[in-house]
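Hi everyone, thanks for making time today. Let me put the structure up, and then we can walk through it together.

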Amino acid sequence: MSDTPASRPSSAARLSLSHITAQNETNLLGTVHGGVIMTLVDSVAGVVAARHSGGPAVTASMDEMQFLVPVRVGDVVHFTAQVNWTGRSSMEIGVRITADRWDSVGPQVHVATAYLVFVAVDADGQPRHVPQVEPENDEDRRRMREAEIRRSHRLARRKAIIASREDLDDAVH
């Protein structure tokens, strides 16, 4: 039997990471590749998922991610992540990405927000139960409600895609 608790507060696995962007992470326009930002998002979200679930967790999906402003060489990019919602073995992790210049004091700008779903897995790679997240304030409760909306949309989209493929298979045969 595992010593993983039945629930954990939303603050238990919350994590912030800052990264100074470098020349080798940029495209020909001098802005940081979106894939670099997405890799860091996946990494910080993975740590939050592992900490919350008490063990390994794998990325199952990432919702659409729109970059609001470019990240440039020398920007300090900040990633703040937390568990928004939990199911039986899955968790939605929200990541807010902001940036500011390395050489000046100024306001951080909102770069993007990402929502990832992780599934906790055991040593055999099979799904395992996760502690339920306990929202601690109104902001956490809002995050949980919105995560439930995103989940219902993901499930509906998946169902529609499967139905579309079955319709195509029926038409071919």
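Let's start with arginine 150, which sits over the face of tyrosine 115, 3.5 Å from the ring centre. Please keep in mind that this is a predicted model.

What else does arginine 150 pair with? It forms a salt bridge with glutamate 92, and the closest N and O atoms are 2.7 Å apart. Glutamate 92 belongs to strand S5 and arginine 150 to helix H2, so this pair ties together parts that are 58 residues apart in sequence. Glutamate 92 is buried, at 0% relative accessible area, and arginine 150 counts as buried too, at 16%. There is also a network of salt bridges here, linking Asp63, Glu92, Arg150 and Arg154.

How many salt bridges does the whole structure have? The search finds ten. One of them joins glutamate 139 and arginine 143, at 3.6 Å from N to O. Both of these lie in helix H2, four residues apart, or about one turn of the helix. Glutamate 139 is partly exposed at 37% relative accessibility, and arginine 143 is partly exposed at 23%.

Now for the nonpolar side. The largest nonpolar core has 33 residues, and among those with the most contacts inside it are Ile37, Phe79 and Met91. Helices H1 and H2 and strands S4, S5 and S6 each supply at least two residues of this core. Which element gives the most to this core? That is H1, with seven residues.

Finally, take a look at methionine 91: beyond its neighbours within four places in sequence, its contacts include Ala49, Trp85, Leu116 and Val130.

Definitions and conventions. Residues are numbered from 1 along each chain as its sequence is written. This is a predicted model: local features need pLDDT of at least 70, side-chain atom pairs count only at pLDDT 80 or more; totals for chains, interfaces and linings use all residues. Side-chain values use heavy atoms; hydrogens and water are left out. A charge sits over a ring if NZ of Lys or CZ of Arg is within 6 Å of the ring centre and within 35 degrees of the ring normal. A nonpolar core is a set of buried Ala, Val, Leu, Ile, Met, Phe, Trp, Tyr and Cys residues joined through side-chain atoms within 4.5 Å. Buried means under 20% relative accessible area, exposed over 50%, partly exposed in between (1.4 Å probe, protein chains only). Contact means heavy atoms within 4.5 Å. A salt bridge is a side-chain nitrogen of Lys or Arg within 4 Å of a carboxyl oxygen of Asp or Glu.
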